[in-house]
Every structure is written in structure tokens, then in C-alpha cells.
Amino acid sequence: MGADSRIELTVRLWRSGSAERFNEYLDRLTSLLPRHRGEVTRRIDSIECGPGEPDTVLVLAFPDTTAINCFLRDPARAG
């Protein structure tokens, strides 16, 4: 996927249960990306900027809006 033609999606995630369940969800979420021609371009864990900040931020890249839409509608993405 060329850097000029990709579309990036930033996903901010908050942990609502155990760290183990959160990591399992992140693994499941990122395992869906190849199915939708996506990839993780950046991952930032342990944001320490104060209350309400996400636990993880992912920057995902897709080749087009169709791929993003299919990823967002994928029922396996639900946690």
C-alpha cells in the first residue's frame, strides 16, 4: 500500500475490564486488518496525560474508503 494513496484511521481505546481482556480484544481487532487490506502504522500504549485519556491509540491505514467501511462493519470487531 503506497503511503500517498492510503487513508488513515485513528482509533482511541479505553480499557473497561481486565488488562488481559483488553489485550485479547486488541489482538482480535488487529487480526482483522489483513482481511480488510489494513495495517497498523502506529500503536501508542499507556497514554499518561491525565484522567480520561485512552489506554491505547492505534493508527490504522487502509487503501480506500471501501476497505475502512468493511472493517468498521465487521461484526467480529465488536468487543
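The protein chain exposes about 5200 Å², of which carbon and sulfur atoms supply 48%. This value, like those that follow, refers to a predicted model. Of the 79 residues of the protein chain, 28% count as buried.

**Architecture**

The protein chain holds 2 helices and 3 strands, and from the N terminus on these elements follow the order β-α-β-β-α. When contacts in the protein chain between residues at least 6 apart in sequence are taken together, 67% of them join residues at least 24 apart.

**The aromatic pair**

The structure contains 1 aromatic pair. Its partners are Phe62 and Phe71, whose ring centres lie 5.3 Å apart. A pair of aromatic rings is described by the distance of the centres and the angle of the planes. The planes of Phe62 and Phe71 stand at 40 degrees, so the pair is tilted; this angle falls in the range that remains once planes under 30 degrees apart are counted as stacked and those over 60 as edge-to-face. Phe62 is buried, at 0% relative accessibility, and Phe71 is likewise buried, with a relative accessible area of 2%.

**Asp74 and the segment after α2**

Asp74 is placed in the segment after α2 (65-73). Asp74 has a relative accessible area of 9% and is therefore buried, since the cut-off for that class is under 20%. A polar atom of the Asp74 side chain lies 2.8 Å from the backbone nitrogen of Ala76. With neighbours within four places in sequence left aside, Asp74 is in contact with Leu32, Arg35 and His36.

**Arg37 and the loop between α1 and β2**

Arg37 belongs to the loop between α1 (19-31) and β2 (39-45). The phi angle of Arg37 is near 60 degrees, a positive value in a residue other than glycine. Arg37 has a relative accessibility of 46% and therefore counts as partly exposed, because that class lies between the limits of 20% and 50%.

**Accessibility of the residues discussed**

The table collects the relative accessibility of the residues described above.

| Residue | Relative accessibility | Class |
|---|---|---|
| Phe62 | 0% | buried |
| Phe71 | 2% | buried |
| Asp74 | 9% | buried |
| Arg37 | 46% | partly exposed |

Technical notes:
Residues numbered from 1 in each chain as written. Predicted model: local features only at pLDDT ≥ 70, side-chain atom pairs only at ≥ 80, totals over all residues. Heavy atoms only, no water. Helix = DSSP H or I, 4+ residues; strand = E, 2+ residues; numbered from the N terminus. Buried < 20%, exposed > 50% of the residue type's maximum accessible area, 1.4 Å probe, protein only. Polar contact = N/O pair within 3.5 Å; in protein donor to acceptor, adjacent residues only side chain to side chain. Contact = heavy atoms within 4.5 Å. Areas by Shrake-Rupley, 256 points an atom, 1.4 Å probe, with all protein chains shown as cover. Phe/Tyr/Trp six-rings, centres within 6.5 Å; stacked < 30°, edge-to-face > 60°.
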